[in-house]
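Load the model in your viewer and keep the selection panel at hand.

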Amino acid sequence: MSIEKITMPQLGESVTEGTISKWLVSSGDQVNKYDPLAEVITDKVTAEIPSSFTGVITELIAKEEETLQVGEVICTMEVAEEETKVEEVLEEKVAAKEEKSEQKLDNKLRYSPAVLRLSQQEGIDLTTVNGTGAGGRITRKDVLKAIETKTLEPANDSTPKAPQHETKVESLPPSPQEAVIQQPLNTGDTEIPVTGLRKAIAANMLKSKHDIPHAWTMIEVDVTSLVNYRNQIKDSFKASEGFNLTFFAFFVKAVARSLKEFPELNSTWAGDKIIRKKDVNISIAVATEDALFVPVIKNADEKSIKGIAKEIVELANKARTGNLSLDEMQGGTFTVNNTGSFGSIQSMGIINHPQAAILQVESIVKRPVIKNGMIAISDMVNLCLSLDHRVLDGLVCGRFLQRVKELLENTDEKSTPIY
């Protein structure tokens, strides 16, 4: 038997940590490979961690509501030797396949994820390990042998050792989100513990505001023709399709079309370069009673208004019932937030890191406007854009908003098919 460590997995793009919200197993439990071990919350998704092995839980290291970095150990398992031998055989097969297809590469420098994880956990320098696998490949068995050799080294060994991870962490000042703010409690005050999900949201918002130089701009749009068109067909649409045709679907479609014409806004900052995304994947903000989720409509530019409306309804329902999958939360390139759904007429959104912009669609309200020199009552809406000023400037954002405005103001039965 051997003791294996289960670590915090990376549950999404740019996700660096997760919070154990609930353990689904206890010490001493027998679990099979792929059985769920715990529910984990990140700023992007709530998911279950599956077991990597079949065996017995020996220790739950992480506590519920504890936040851990990706790669940190959450529990340990006692696993049969046959199980680890199977992994070694698989590693050998993978190594042999890579050796055949990549003859020119140094096999010793291509490590499997399992080898890398084990070496990092035990502080093993892989450049000092002799590989016994195909073409000199370092296998799990080689790393285990190196660990055993390291354990048997005399305590007074003069070989310089790399500083331990814990020492590095302790030498750093606490991050702003970790700082405990002491506040006096007055009579009648109530303390409400911060949940793991709220901590994850707070950390992501702080990271966005800390890393991204936000700028903001707004444009007003006359959507009278859009409102009339949608109101004319909403009842027949609901009767035939079984779900509502919301105004928001029209806005998402107009934004998706505009992003194809102004791909600068469909980009992300990557330090020494800007990455312009090919796919237009629209993130939509969905609020629940105590959280905010941002599922993604993939390839929104290729979908009809009906298709977008259907996905909005399905994703919103999944978010509110806790059934969003990891894939449905990943890959967003631009966010559209329906702040008008709760009556807002002007707001400044925080950009969904690492995207370059977020558009707030405010409430549609009737206002007096000047048309042809006369006062008229029109349905007006404000579109508020927060932008990453490292990636975007006012000129391109102004042109993008003007294009969205043009598409929305010309939405009618003749120019805008629903299907």
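A salt bridge here is a side-chain nitrogen of Lys or Arg within 4 Å of a carboxyl oxygen of Asp or Glu. The model is predicted, so local features need pLDDT of at least 70 and side-chain atom pairs count only at pLDDT 80 or more, while totals for chains, interfaces and linings use all residues. Residues are numbered from 1 along each chain as its sequence is written, and side-chain values use heavy atoms, with hydrogens and water left out.

Select Asp379 and Lys366 to start: their side chains form a salt bridge, 3.0 Å from N to O. Asp379 is in strand S19 (residues 374-388) and Lys366 in strand S18, 13 residues apart. Strands (E, at least two residues) and helices (H or I, at least four) are DSSP runs numbered from the N terminus. Buried means under 20%, exposed over 50% and partly exposed in between (1.4 Å probe, protein chains only).

Next, stay on S18 (residues 365-371) and pick Lys371 there, then Asp222 in strand S9, 149 residues apart. Asp222 is buried, with a relative accessible area of 15%; Lys371 is partly exposed at 33%.

Move to Glu241 and Lys306, whose closest N and O atoms are 3.7 Å apart in another salt bridge. Glu241 belongs to helix H6 (residues 224-241) and Lys306 to helix H8, so this pair ties together parts 65 residues apart in sequence. Both are partly exposed, Glu241 at 26% and Lys306 at 23%.

Now show H8 (residues 305-321) together with helix H7 (residues 247-261): their axes come within 9 Å and cross at roughly 120 degrees. Axes are lines fitted to C-alpha atoms, for helices over the stretch in contact, and angles run from 0 to 180 degrees between N-to-C directions. Which residues make the contact? Phe248, Ala249, Phe250, Val252 and Lys253 of H7 meet Ile305, Ile308, Ala309 and Ile312 of H8, contact being heavy atoms within 4.5 Å.

Return to S9 (residues 214-222) and select Met218, which is partly exposed at 33% relative accessible area.

Finally, zoom out to the whole chain, which has 9 helices and 19 strands. Buried residues are 42% of its 419 residues, and the structure holds 15 salt bridges.
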